[in-house]
Amino acid sequence: MNRRHDIDALRALAFGLVIVYHVAMYYVADWHWHLKSPHAAEWLQLPMRALNLWRMDLVFLISGLALGFLQRGQGAGALWRQRSWLLLPLVFGMAVVVPFQAYAQGVANGSIAPGFVAFLLRYAVGGPWPKNAFDGSDFGVTWNHLWYLPYLWLYTSVLVLLLPALQSAAGQRLRRAFAGLRGAALLVVPALPLMVWSLTLWPHFPPTHDLIGDGWLHAVYFTLFLYGWWIGTDEGWWAAAARLRWSALGAALALLAAYMGLRALPADVAAPRQLLRLIADLYLWTALVAILGWGHVKLNRPRRWLSWANESVYPWYVLHQTVVIVAIWWLAPLQLGPAVEPALLLLLTVAGCWPITALVRRSAWLRPLFGLRSRGVSPRQSRAPCGQGEARGKA
């Protein structure tokens, strides 16, 4: 099978969007984040919410798709061991990359005294910390934006355990039924399980990203992870998604307009929250079909930047949020205003991630700490994307 350049490109573009999204989180009004700008803007809520309803769902779908490629020619044990190496950059990131985020948040809200070295010594033994000192302070340490890694490891482990059932005759019939969806059924039927999770789990399990109490997001993300695993090499499904790309785009835009319009209603005539959530589920899935369909048509060809992007995406993911917060720490006292500061913040984030990633790519001992294969190790499935990703909470 030829390499799927569209999946490579979508993965890289999705992570580029993650960086822009986290820069914007500093400026969007009324949304919790580690630091908040005095230039917070309410208008940012609309585009941010439009992205927030599907961006991590796309990442988990692509991750499941990549696992399907990776699985070819490997046993379940080898597949699980290979994905378990994701825990190394998680541990490294929690110990080295993430702590400054917690420190900056704690200092900003007055819970932690200035002094990064003293903070690190306390962080190394897990606190204790004042309540709500930083996101995750109740646990003593935090993984912040790296929450995607334990979630991906968990879903890989569950899928590996389910492989006997998924590869049974009944499991194969279910896979063929899903991959055989066409027309309107392809735009509606896969959203039905997501709507069931919204009806049964969403009211009881708000997003936490703490792995333990995230029942609703686990159900949604694993469902999309499984969808990706099912559709990876099915040429018929991809051809159908490509044919539906205009219809899916139109449906997604109409559903987004309905969702935003209903959210904007006055409180005395507000739509039920459960109805909004179901509309959001339909929007989520039609948006994903549109993205995959258009990507398959427009992006499935080799590009010079893809090779660099494929190996750079994961280090950028591990680094970017801390680089954003370091840049905020430096820029905020300069009071450059709501136009110059965001532009410089994005520029400094790119300027910080780029050289560090270049160093990581050239260092044999740094590469595994950032999720990259050692030099000279040939991947078992050189024609499939690696597919690893980032973070979000549904709004």
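The loop between H7 and H8 holds Asn-144, a residue with a positive phi of about 40° although it is not a glycine. In this predicted model, Asn-144 is buried, with a relative accessible area of 9%.

**Loop between H7 and H8**
- Asn-132 lies in the loop between H7 and H8 and has a positive phi of about 60°, although it is not a glycine.
- Asn-132 counts as exposed because its relative accessibility is 52%, and the cut-off for exposed is over 50%.
- Pro-128 is also found in the loop between helix H7 (116-124) and H8, and the peptide bond from Gly-127 to Pro-128 is cis, with omega near 5°.
- Most residues other than glycine have a negative phi, and most peptide bonds are trans.

**Helix H8**
- Helix H8 (residues 148-166) has a kink of about 35° at Val-160, shortly before the proline Pro-164.
- The buried residues of H8 include Tyr-148, Leu-152, Tyr-155, Leu-159, Val-160 and Leu-163.
- Among the elements that cover the buried residues of H8 are helix H3 (55-71), helix H9 (169-179) and helix H16 (304-331).

**Packing of H1 and H2**
- Helix H1 (residues 5-25) and helix H2 (residues 45-52) pack at an angle of about 140°, with axes 11 Å apart, which means that H1 is oblique to H2.
- The crossing of H1 past H2 is left-handed.
- H1 contributes Leu-17, Tyr-21, Ala-24 and Met-25 to the contact, and H2 contributes Met-48, Leu-51 and Asn-52.
- The residues of this contact comprise six nonpolar, one polar and no charged.

Technical notes. Residues numbered from 1 in each chain as written. Predicted model: local features only at pLDDT ≥ 70, side-chain atom pairs only at ≥ 80, totals over all residues. Heavy atoms only, no water. Axes fitted to C-alpha atoms, helices over the stretch in contact; angles between N-to-C directions. Helix = DSSP H or I, 4+ residues; strand = E, 2+ residues; numbered from the N terminus. Parallel < 35°, antiparallel > 145°, perpendicular 65-115°, else oblique. Left-handed = near helix turned anticlockwise from the far one by under 90°. Contact = heavy atoms within 4.5 Å. Nonpolar A, V, L, I, M, F, W, Y, C, P; charged D, E, K, R; others polar. Bend = angle between axes of the 7 residues up to and from the residue. Buried < 20%, exposed > 50% of the residue type's maximum accessible area, 1.4 Å probe, protein only.
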